Amino acid sequence: MKKFNVMPSGEIHFPSFSWKVVIIPAVLLLLAVLACGSYFTVSAGSVAVKLRFGQIVGAYGEGLHVKLPLVDRIEKFSVRIKKDAFTTEAFSKDLQTVGLTLAINHRIMPQTIESIYRNLGPEYTSTILKPMVEEWTKAVIAKYSADSLIANRVEVAQELDKILKSKMAEKEVIVSDIAITNFEFSPQFLRAVEEKQIAEQEAKRATNLVEKVKKEAEQKILQAEAEAKSLRLQREVVSDNLIKLRQVEAQIKAIEKWDGRMPNYMAGGQMPFVMVK
């Protein structure tokens, strides 16, 4: 394909160039870009602020909204509940180092998005919430001894929940709930706890043994008392009349066995006889 013509006179003649071929598509493209950039959408569960040269000019909920292309900037925030996990350390009442992992559900207040953006910024989780969690966790943990923290885990979480809800509400952030997902203690403390539990178990076994011996002794005492009472009653029943009755019964038996013959000789020259009174 020839890109120029050579005239008989020797002159070179270039074909005429039309700027419309370039300008029209460029203009159409620019218009398309401007048209696309003149609106924005906010999805469900989100809010947005519109910035013009760095200044907030409006806050918007879900839906389609207009803006100045190439001038306005849009910052979007989720108002859905967000879950964050924080790991921190604190000292217990008995000065033991305690590591904690906390799970916190939170969200921003949609109607205060402008104030949140202006005062907290998009990264409020790291700039406000995390320092607040660390500060109040240390304050609450310091009220408990290390060995009571596990048993009082729910109580500790409830106290933290109450404090952080109040403090973050002042910052226009809603804290839904807090859970302590993990406690970590030093190896030395864990060994001490284990040794204490073993000692308590041994003491319990010794106490049970003492109680068993005590009950057995009490049973023997009761048995001895019962036997003594029985013997005492028997002694009380054996009276003088009973003794005389036994003597008479013995004499009657002797008479029943006598055959009526006198003995051939008697000591002292006396005849035997049976006396019955």
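Guide: The answer below begins with the pocket and then turns to the core and to one helix.

This is a predicted model, in which local features need pLDDT of at least 70 and side-chain atom pairs count only at pLDDT 80 or more, while totals for chains, interfaces and linings use all residues. Residues are numbered from 1 along each chain as its sequence is written, and side-chain values use heavy atoms, with hydrogens and water left out.

The largest pocket has a volume of about 170 Å³. On a 1 Å grid over the protein atoms alone, a pocket is an open set of points where a 1.4 Å probe fits, with protein on both sides within 12 Å along at least five of seven lines. Its volume is the space filled by probe spheres set on the points, which are joined across faces, edges and corners. Lining residues have an atom within 4 Å of a point, and here they include Glu75, Phe77, Arg107, Ile108 and Tyr124. The elements that give two or more residues to this lining are β7 (72-78), β9 (97-108) and α3 (124-141); helices (H or I, at least four residues) and strands (E, at least two) are DSSP runs, numbered from the N terminus. The largest share of the lining, 4 residues, comes from β7.

Ile108, part of the pocket lining, is also among the residues with the most contacts inside the largest nonpolar core, which has 40 residues. Such a core is a set of buried Ala, Val, Leu, Ile, Met, Phe, Trp, Tyr and Cys residues joined through side-chain atoms within 4.5 Å; buried means under 20% relative accessible area and exposed over 50%, with partly exposed in between (1.4 Å probe, protein chains only). The largest share of this core, 7 residues, comes from α3. Leu100 is another of the residues with the most contacts in the core. Not counting residues up to four places away in sequence, Leu100 touches Phe86, Ile141 and Phe183, among others; contact means heavy atoms within 4.5 Å.

Val156 also belongs to that group of core residues, and is one of the buried residues of α5, together with Leu160 and Ile163, among others. The buried residues of α5 pack against β9, α3, α4 (146-149) and β10 (173-185). Helix α5 (residues 153-170) has 18 residues and reaches 26 Å from its first C-alpha to its last, close to the 26 Å expected at 1.5 Å a residue; the expected span is 1.5 Å times one less than the number of residues. Just after α5, Glu172 takes a positive phi of about 70°.
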